[in-house]
Amino acid sequence: MTARVVKTLRIVVAGGGTGGHIYPALAIARGLKERHPEAEILYVGNNQGMEADIVPKEGLPFKGLAGAGLERKLSMRNFLVLWRTGLGFWQAARTLRNWKPDVVIGTGGYVCGPVVLAAALSRIPTLIHEQNALPGVTNRILARFVDRVAVTFKESVKYFPRSHKVILTGLPVRPEILRATRPEGLKKLGIGADRFLLFSFGGSRGARTLNKAMVDVIKQFGGDPRLSILHVTGSAGYEEFLEDCAAKGIDLAKTGNVTIISYLYSMQDALAAAGLVISRAGAATCAEITALGIPSILVPYPFAAENHQEHNALALEKEGAALMFLDRKVSGDLLCTRIAGLLEDRGKLAAMAEASRKMGKTRALEDIIDCVDELVR
């Protein structure tokens with residue numbers, strides 16, 4: 001009797017240009033590998049993008065293609081971009097023909113376009129994941145050709161022409177975020193178990209608007225027994241923040257309830273411990289704070305592509321999970337007023353937390369992998 005040969009599952013994951021596209025792709029790749037240890041996964045990205053550095057360090061095979069993003073204005077450079085996109089499509093088609101994947105997954109970015117389109121035209125099962133409430137141009141085009149569209153926000157469904165393909169999964173959240181607990185987080189941060197933690201941050205390099213406003217917040221709430229404040233300035237803003245505090249007569253060493261750091265590695269501990277978050281509105285941040293049910297004050301980064309952070313923040317505000325303020329309108333006085341109001345009205349804060357929790361998608365990764373398994377079958 002001849003033994004049945006079990007075919008090894010082969011998967012291509014594509015996405016790049018920014019961490020917002022790369023890290024969800026890596027999370028999906030890791031999740032697929034956990035469910036299908038025998039699977040072979042190839043990450044396809046731009047040969048000059050961030051992914052060319054990040055992905056090999058994660059231990060995944062990487063294939064770099066040509067490609068570049070179009071400028072949002074008439075430009076001679078766009079002719080070169082179109083040529084490189086055509087070259088990228090030809091390279092993608094050749095890679096898929098040689099590698100013969102069972103499914104192709106795209107998470108956005110211009111490199112995703114040639115790869116997923118080549119797969120769809122070759123009748124290879126395809127899935128794309130959209131991180132933001134306002135979908136990017138690449139994914140809106142690809143949605144016409146792919147088999148499934150997984151989205152993070154329900155607000156993005158209306159932008160896709162064939163809604164029967166769309167499934168609301170959420171954005172994969174790092175396992176360490178989901179595992180963290182409030183008592184453990186407070187303990188690791190050295191904060192008393194009865195303290196309310198206000199956690200503010202603006203990304204790895206920081207957000208100057210938030211830093212300026214938080215100086216006034218610390219001036220008003222420094223020494224306040226009702227709360228502790230943890231503010232992450234970002235690597236580029238730390239020294240300026242300390243100088244601004246000194247200029248306003250704030251002695252950080254004497255406040256007793258304020259911690260200022262330039263970068264935080266244990267993000268999961270601070271998020272788990274937080275009673276209120278003040279931050280930008282990137283898709284990953286929104287996914288993490290809703291997965292943990294944290295109320296928030298969101299200040300979208302005003303120069304994000306297609307202003308997608310404002311759409312993300314509005315999605316949370318619409319559900320009652322957050323307060324959203326435009327970057328150009330944020331001030332220390334405004335934040336102080338809103339924080340004071342929430343500290344006085346714990347019922348509103350609890351309602352925001354519940355709304356945030358309802359929006360959270362703790363099974364996002366599992367649901368995306370279920371979609372992939374369905375396509376393969």
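I started with Glu-306 and Arg-140, whose side chains form a salt bridge with 2.7 Å from N to O. A salt bridge here is a side-chain nitrogen of Lys or Arg within 4 Å of a carboxyl oxygen of Asp or Glu.

Before going on, I noted that this is a predicted model, where local features need pLDDT of at least 70 and side-chain atom pairs count only at pLDDT 80 or more, while totals for chains, interfaces and linings use all residues. Residues are numbered from 1 along each chain as its sequence is written, and side-chain values use heavy atoms, with hydrogens and water left out.

Next I looked up the domains. Domain 1 covers 10–173 + 362–376, and domain 2 covers 176–359; such bounds come from an automatic or database domain assignment. Taken over C-alpha atoms, their centres are 31 Å apart.

Then I checked the area: the two domains bury about 1,300 Å² between them, with 66% of it on carbon and sulfur atoms. Buried area is the accessible area (1.4 Å probe) that two parts lose on being put together, summed over both. Leu-134, Phe-153 and Val-173 supply 39% of what domain 1 buries against domain 2, more than any other three residues.

I counted two salt bridges between domain 1 and domain 2.

I picked out Arg-30 and Glu-58, whose side chains meet at 3.0 Å, N to O. Arg-30 sits in helix H1 (residues 19–35) and Glu-58 in the loop between helix H2 (51–57) and strand E3 (62–65), so the pair ties together parts 28 residues apart in sequence. Helices (H or I, at least four residues) and strands (E, at least two) are DSSP runs, numbered from the N terminus.

Last, I checked pLDDT, the predictor's confidence in each residue, from 0 to 100. The chain averages 92, and 93% of the residues score at least 70. Residues 1–5 stay under 50, with zero contacts beyond four places in sequence.

Notes. Contact = heavy atoms within 4.5 Å.
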